[in-house]
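Here are my notes on the model, point by point. Please read them with the structure open.

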Amino acid sequence: MRFQDKVVIVTGAAGGIGTAIAQRFADEGARVIVTDVNAEGVEATAAAIRATGGRARGFASDISGAAGCKAVITDAMANEGRIDVLCNNAGINRRGPLLSLSAEDWDLSFAVNVDAMFHLCQAALPHMIAAGGGAIVNTASQWGLYPAPNHIAYNVTKAAVASFTQNLARDYAPQKIRVNAVCPGEIHTPMLEAGVKRSGRTIADLDKLVPYGRIGKPEEVAALVAFLASDEAAFMCGSLVEITGAQAVA
């Protein structure tokens, strides 16, 4: 119960890795705020957590804009009175090389993957500093470190997440704000399934590309996020932690 009575915000929590992260924190005693633009998914995740004995409250918000980000933090402080952990997990993937992308694809990728993280952290940090510290865990990607072909918008935004993480950590470590990022490889999520279906491949095909023998599970990423947010990782700040099953980017 590493997070007993701590308040944790998880963005992009209506499915996939975000849902697993929210469930993991609740399983360890946290009061979880589940947020996503998908209101139905938010309530489903929060209800599922409560059904297992955890504490969770849904708050639907479009964090592609500054107002939606600030609303998440305002709600958390108004209803919970504190923010101990912020998990910037929300992300989108607009696939394709540069000439196949629209300006809207590019702009939305940055709005959700990068700008939302900026606005959420800017709104949450003063409260964490006033409380004497806090933990921020961002979801970057292996592809942000080693770009995969034909995913330029996703790769560049996830590289920005990695850099943002290291910069924020360096600037606010003196205030006991620990900032780290997970960098997943291929994880079995609805986003991945959509890409697999589009490519004509199967999950079994992807499993064969991973030295460990299979792609990752959302719960495995959630376990790493929880560790980075916990006191067990007290000296980890500014780390970019890959979780890939030893797979290289193809």
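1. Burial. Of the 250 residues of the chain, 50% count as buried. Buried means under 20% relative accessible area, exposed means over 50%, and partly exposed lies in between, with a 1.4 Å probe and protein chains only.

2. Basis. This is a predicted model: local features need pLDDT of at least 70, side-chain atom pairs count only at pLDDT 80 or more, and totals for chains, interfaces and linings use all residues. Residues are numbered from 1 along each chain as its sequence is written, and side-chain values use heavy atoms, with hydrogens and water left out.

3. Overall build. The chain holds 9 helices and 7 strands. These are DSSP runs numbered from the N terminus: helices are H or I with at least four residues, strands are E with at least two. The C-alpha trace spans about 50 × 35 × 35 Å along its principal axes.

4. Contact range. Take contacts in the chain between residues at least 6 apart in sequence: 71% of them join residues at least 24 apart. Contact means heavy atoms within 4.5 Å.

5. H3 against H4. Helix H3 covers residues 66–80 and helix H4 covers residues 103–131. Their axes come within 8 Å and cross at roughly 30°. Axes are lines fitted to C-alpha atoms, for helices over the stretch in contact, and angles run from 0 to 180 degrees between N-to-C directions. H3 and H4 are therefore roughly parallel to each other; the term covers angles under 35 degrees. Their crossing is right-handed, which means that the near helix is turned clockwise from the far one by less than a right angle. On the H3 side, Ala-66, Cys-69, Val-72, Ile-73 and Met-77 take part. They meet H4 residues including His-119, Leu-120 and His-127. By class, this contact has 9 nonpolar, 2 polar and no charged residues. Ala, Val, Leu, Ile, Met, Phe, Trp, Tyr, Cys and Pro count as nonpolar, Asp, Glu, Lys and Arg as charged, and the others, Gly among them, as polar.

6. H4 against H6. Helix H6 spans residues 152–172. The axes of H4 and H6 come within 9 Å and cross at roughly 15°. That makes H4 roughly parallel to H6. This crossing is right-handed. H4 contributes, among others, Trp-106, Phe-110, Phe-118 and Ile-129. From H6 come residues including Tyr-154, Lys-158, Phe-164 and Tyr-172. The contact of H4 with H6 has 17 nonpolar, 3 polar and 1 charged residues.

7. Backbone points to check. Which phi do Asp-5 and Lys-176 have? Asp-5 has a positive phi of about 65° although it is not a glycine. Lys-176 has a positive phi of about 65° and is not a glycine either. Most residues other than glycine have a negative phi. Asp-5 lies in the segment before strand E1 (7–11) and counts as partly exposed at 37% relative accessibility. Lys-176 sits in the loop between H6 and strand E6 (177–184) and, at 56%, counts as exposed.

8. Gln-247. Is Gln-247 buried or exposed? At 7% relative accessibility, Gln-247 counts as buried. Gln-247 is in the segment after strand E7 (240–243). Not counting residues up to four places away in sequence, Gln-247 touches Gln-142, Glu-186, Leu-209, Val-210 and Pro-211.

Methods
Angles under 35 degrees count as roughly parallel, over 145 as roughly antiparallel, 65 to 115 as roughly perpendicular and the rest as oblique.
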